[in-house]
Amino acid sequence: MLGCRMDMSSRLLVLQQLAEGCGVSTVQQGLQQVWRLLLLCLTCRLCFRLGVVSTLKHGVSALSGIYCLFLFFELHMLWVLMLCALSYLVLLLSRHSSSRGLFLSVVILIYLLVGELHLIDMVTWHKIRGSQMVVAMKAISLAFDLDRGAVDRLPSPAEYLGYVLFVGTVVFGPWISFSTYTNAVEGTKLSWLWLRSSSLSLLKSQMCLLVSTCIAPYLFPLLIPIHGNTVTQKWLRAYENAVSFHFSNYFVGHLSEGTSMLAGAGFTAEKDNIRWDMSVVKPLSVEMPRSMVLVVTSWNIPMSRWLKTYAFKNAMKLGTFPAILVTYTTSALLHGLSFHLGAVLLSLGFITYVEHVLRKKLASIFRACVLSRPCPSDCGHQHKKEYWVMLLNLVFGLLAIFHLTYLGSMFDPGVDEQEVEEGYAAIHTVQRWSELNWASHWVVFACWLFYRLIQ
């Protein structure tokens with residue numbers, strides 16, 4: 001009993017030290033990095049409300065975005081601006097073509113590959129990679145939308161630069177469509193709901209940063225008293241790494257929600273009712289997943305939508321599995337030539353495909369709601385809420401957590417900072433997965449064999 005009290009008191013002492021040391025400094029550093037960005041977003045939002053010509057609004061959006069890039073990347077921002085100029089030049093020269101999307105995608109891919117391999121040092125490239133990716137996604141989506149008539153004309157240079165350099169998304173994302181940007185420029189009225197939604201997302205981002213930095217690395221056994229043998233310790237450390245990485249992603253996701261809405265984007269209008277409901281991440285759908293398919297779509301909702309619309313659907317003529325590979329390869333190339341990200345994304349492609357076809361087959365055999373996505377209320381399955389159905393879905397959910405732990409094990413917050421800035425080496429990925437005996441890949445292979453047997 002005395003040992004238990006001492007154990008509890010020591011944990012409370014550790015929590016107090018974490019709160020005073022890690023917690024306060026993390027929040028201070030986080031706010032110090034983004035307060036000027038938030039001020040620029042607010043300025044842009046107020047400008048959109050003014051009754052000035054739209055060209056001036058687009059100019060303010062572009063100039064705010066350029067200044068924001070300078071604040072975060074200094075003169076390295078020129079690489080992002082060069083991508084903007086190159087993309088518009090390609091759109092201008094190919095304005096009479098019906099394959100602008102595909103052509104621009106190839107040009108941007110070549111630019112990104114040449115830049116990463118020959119023109120820019122690795123540390124600098126990794127710093128600007130996020131902004132490069134957002135600009136590339138916006139330009140490519142605009143090109144495909146022009147091809148299919150969703151956007152009726154090529155935007156003017158001011159409209160284009162205002163869109164791709166929109167201050168609410170240019171640093172942390174997310175991708176937004178051209179129509180979303182034009183709606184933001186029209187300037188909906190200021191409201192308490194707008195301010196509350198933006199502030200709530202920004203508050204969530206800071207909470208996620210705290211969890212990623214100050215809580216996740218100390219989960220076992222400091223905060224949660226779970227011990228075990230050598231194998232158990234490896235998996236507990238892998239889970240800590242995965243959770244820390246997850247919450248760093250939620251931090252960026254919620255921060256991008258806040259900056260986008262603060263700058264005036266991210267609302268849906270139904271008649272006179274305006275809802276500020278931009279959603280970039282769904283943490284609960286990742287930490288307590290139904291399936292890996294839902295994990296992928298909940299990890300970054302706008303990017304998932306972009307990949308589905310502009311990569312997956314265009315590649316469906318090749319077949320479902322090739323289209324999935326094209327989609328994840330596209331995502332990997334947009335993220336840069338990083339072995340560990342490429343390995344994770346391509347592994348996700350195989351995992352989600354095998355999970356999808358296996359659960360689809362089981363749903364057909366048992367006539368039960370065990371698909372990767374929740375069934376609608378009027379589905380034709382006979383078994384919906386029986387205990388064995390919920391148990392089977394729970395098993396697949398636990399299997400998804402297992403895969404996430406395995407895939408996230410390489411994102412080690414304790415690794416050398418220089419290695420993180422330059423990108424994890426291939427040997428780091430191989431070493432981490434070897435320590436876990438390549439368990440996730442073997443499980444996927446076993447699930448695929450089982451699927452083939454029951455097909």
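This is a predicted model: local features need pLDDT of at least 70, side-chain atom pairs count only at pLDDT 80 or more; totals for chains, interfaces and linings use all residues.
Residues are numbered from 1 along each chain as its sequence is written, and side-chain values use heavy atoms, with hydrogens and water left out. Local features need pLDDT of at least 70 and side-chain atom pairs count only at pLDDT 80 or more, whereas totals for chains, interfaces and linings use all residues.

The structure contains 24 aromatic pairs, a pair being counted when the ring centres of Phe, Tyr or Trp (its six-membered ring) lie within 6.5 Å, with planes under 30 degrees apart called stacked, over 60 edge-to-face and the rest tilted. The rings of Phe48 and Phe166 are stacked, because their centres are 6.4 Å apart and their planes stand at 15 degrees. Phe48 belongs to helix α1 (residues 2–49) and Phe166 to the loop between α6 (157–164) and α7 (178–186), so this pair ties together parts that are 118 residues apart in sequence; helices here are DSSP runs (H or I, at least four residues), numbered from the N terminus. Both Phe48 and Phe166 are buried, a term that denotes under 20% relative accessible area, with exposed meaning over 50% and partly exposed in between (1.4 Å probe, protein chains only).

An edge-to-face pair is formed by Phe72 and Phe172, at 5.6 Å centre to centre and with 90 degrees between the planes. This pair links distant parts of the chain, with Phe72 in helix α2 (residues 54–73) and Phe172 in the loop between α6 and α7, 100 residues apart. Phe72 is partly exposed at 28% relative accessibility, and Phe172 is likewise partly exposed, at 23%. Ring pairs also join Phe48, Tyr163, Phe166, Phe178 and Tyr181 into a cluster.

Seven salt bridges are present, each defined by a side-chain nitrogen of Lys or Arg within 4 Å of a carboxyl oxygen of Asp or Glu. Among them, Asp147 and Arg100 meet at 3.1 Å, N to O; Asp147 lies in helix α5 (residues 122–148) and Arg100 in helix α4 (residues 100–119), so the bridge ties together parts 47 residues apart in sequence. Asp147 is partly exposed at 24%, whereas Arg100 is buried at 10%.

Technical notes:
Helices (H or I, at least four residues) and strands (E, at least two) are DSSP runs, numbered from the N terminus.
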